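Please keep the sequence and the structure in view while reading.

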Amino acid sequence: MKRNPRMFYKYVRSKQRNAVTVKSVKDKDGILSQTDEEAADILCKQFQQVFVDHGFVDLMKLVPPCSPLSEELSTDELFTEDVVYKKLSMLNVSKSPGPDSVHPHFLKNCADLLTLPLTCIFRKSFDNGCLPDDWKSANVVPLYKKGSKLDPGNYRPVSLTCVPCKIMESVIRDYMAEKLMKSGFLSTYQHGFIKGKSCATNLLTAFETWTKWIDEGYGVDIVYLDYKKAFDSVNHVKLMEKLRHAGIDPTVIKWIAAFLQGRQMRVKVRLEFSDWVLVLSGVPQGSVLGPLLFLIFVNDLPLWICNSMLLLFADDTKLCRRILSENDEIRLQQDLDKLMEWTRQ
């Protein structure tokens, strides 16, 4: 345990018998499903409800033109054989494959042979701004949370996407993250999905500030906020605008637009699947690029706050202010109103 604690806890988790499989769920009329296919269809409709239909817009038309003064991003430099081979070698073979059924175990063991063809495919996809249909599809596995196992609302969707696409996303994610960190674009109040920050840094920052205020004799008011289905309700049009304002290269934005447009999913229950349904909004939670896209989408949120302290971990928000007079409470309420205004803009 001292030499390798991760292996120890992995062994302990493997011996736990707490996995819950879907047996039957109720539809909106309260009727129990009789087959796995019926259960998959009910759960698919449940997960589909969280999408927000913002109306169809061709995202490709929102891609900004390349500036003649800017240096064009070289595809050959971004997708090198060394980079692709390294990504293949680092694959976790315990992960499940996506709709294409290409297992990471196969990709990792055949890295020497697959590096060159995958590099060519990545370059072609990036240059043309298009992806195979399988890369924009996801098998969704329902994961039980709590409450009644018959209620489809008590299951969380876990998306399984294609592993080759995840490798390409990883290369693009690394490039974007490095560029955003160098430019200082990402908010210092954000602690989620950022290298060097975590839930612990978020809590320590909050605890240090609150303790200081109390030691100075102030009262402290804290409001905890959680945006409902935040990842699944991201507006793609607004995301395109924010990617442009973040200074992301137009060729990258073009590929991301193709990555988001026309996505589809289906729910799997044991060996049965639901019908395919369109994903109308949001960033794919089972993807590699999704968390970074979400950070860019919420990055301007702290700019709306004038009077209080704000801390973020992805969409989980803490709004706090030291209170000494009635005016301080009014200012805190003003910031809450600003947050509501941000959600509507």
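Predicted model: local features only at pLDDT ≥ 70, side-chain atom pairs only at ≥ 80, totals over all residues.

Serine 101 belongs to the loop that joins helix H4 (81-89) and helix H5 (104-109). Its phi is near 65 degrees, which is a positive value in a residue other than glycine.

Phenylalanine 193 also has a positive phi, near 60 degrees, and is likewise a residue other than glycine. Its place is in the loop between H7 and helix H8 (199-215). With a relative accessibility of 49%, phenylalanine 193 counts as partly exposed.

## Helix H10 and its surroundings

Helix H10 comprises residues 250-260. Of its 11 residues, 10 are buried, so the helix is largely enclosed by the rest of the structure. Among the buried residues are Pro250, Thr251, Trp255, Ala257 and Leu260. The elements that cover the buried residues of H10 include H6, H7, helix H9 (236-245) and H11. Just after H10, glycine 262 adopts a positive phi of about 75 degrees.

Two packed helices are described by the angle between their axes and the distance between the axes. For helix H7 (residues 163-183) and helix H10, the axes come within 12 Å and cross at roughly 140 degrees. This crossing of H7 and H10 is left-handed. On the H7 side, the contact is made by Cys165, Met168, Glu169, Ile172, Tyr175 and Met176, and on the H10 side by Val252, Trp255, Ile256 and Phe259. By class, nine of these residues are nonpolar, none is polar and one is charged.

Helix H6 (residues 111-128) also packs against H7: their axes come within 11 Å and cross at roughly 65 degrees. H6 is therefore roughly perpendicular to H7, since angles of 65 to 115 degrees fall in that class. The crossing of H6 and H7 is right-handed. H6 contributes Leu118, Phe122, Ser125 and Phe126 to the contact, while H7 contributes Pro164, Ile167, Met168 and Ile172. The residues of this contact of H6 with H7 comprise seven nonpolar, one polar and no charged. Met168 and Ile172 of H7 take part in the contact with H10 and in the contact with H6.

## A buried serine in a loop

Serine 281 is located in the loop between strand S6 (277-278) and helix H11 (290-298). Serine 281 counts as buried because its relative accessibility is 1%, where the limit is under 20%.

The side chain of serine 281 reaches two backbone atoms: the nitrogen of valine 52 at 2.9 Å and the oxygen of aspartate 232 at 2.7 Å. Neighbours within four places in sequence left aside, serine 281 is in contact with Phe51, Val52, His54, Asp232, Ser233, Val234 and His236.

## A partly exposed phenylalanine in a strand

Phenylalanine 273 lies in strand S5 (residues 272-273). Its relative accessibility is 26%, so phenylalanine 273 counts as partly exposed.

Phenylalanine 273 and valine 141 are 132 residues apart along the chain, and their C-alpha atoms are separated by 9.9 Å. When neighbours within four places in sequence are left aside, the residues in contact with phenylalanine 273 are Glu37, Ala40, Asn139, Arg266, Val267 and Lys268.

Conventions: Residues numbered from 1 in each chain as written. Heavy atoms only, no water. Axes fitted to C-alpha atoms, helices over the stretch in contact; angles between N-to-C directions. Helix = DSSP H or I, 4+ residues; strand = E, 2+ residues; numbered from the N terminus. Left-handed = near helix turned anticlockwise from the far one by under 90°. Contact = heavy atoms within 4.5 Å. Nonpolar A, V, L, I, M, F, W, Y, C, P; charged D, E, K, R; others polar. Buried < 20%, exposed > 50% of the residue type's maximum accessible area, 1.4 Å probe, protein only. Polar contact = N/O pair within 3.5 Å; in protein donor to acceptor, adjacent residues only side chain to side chain. Parallel < 35°, antiparallel > 145°, perpendicular 65-115°, else oblique.
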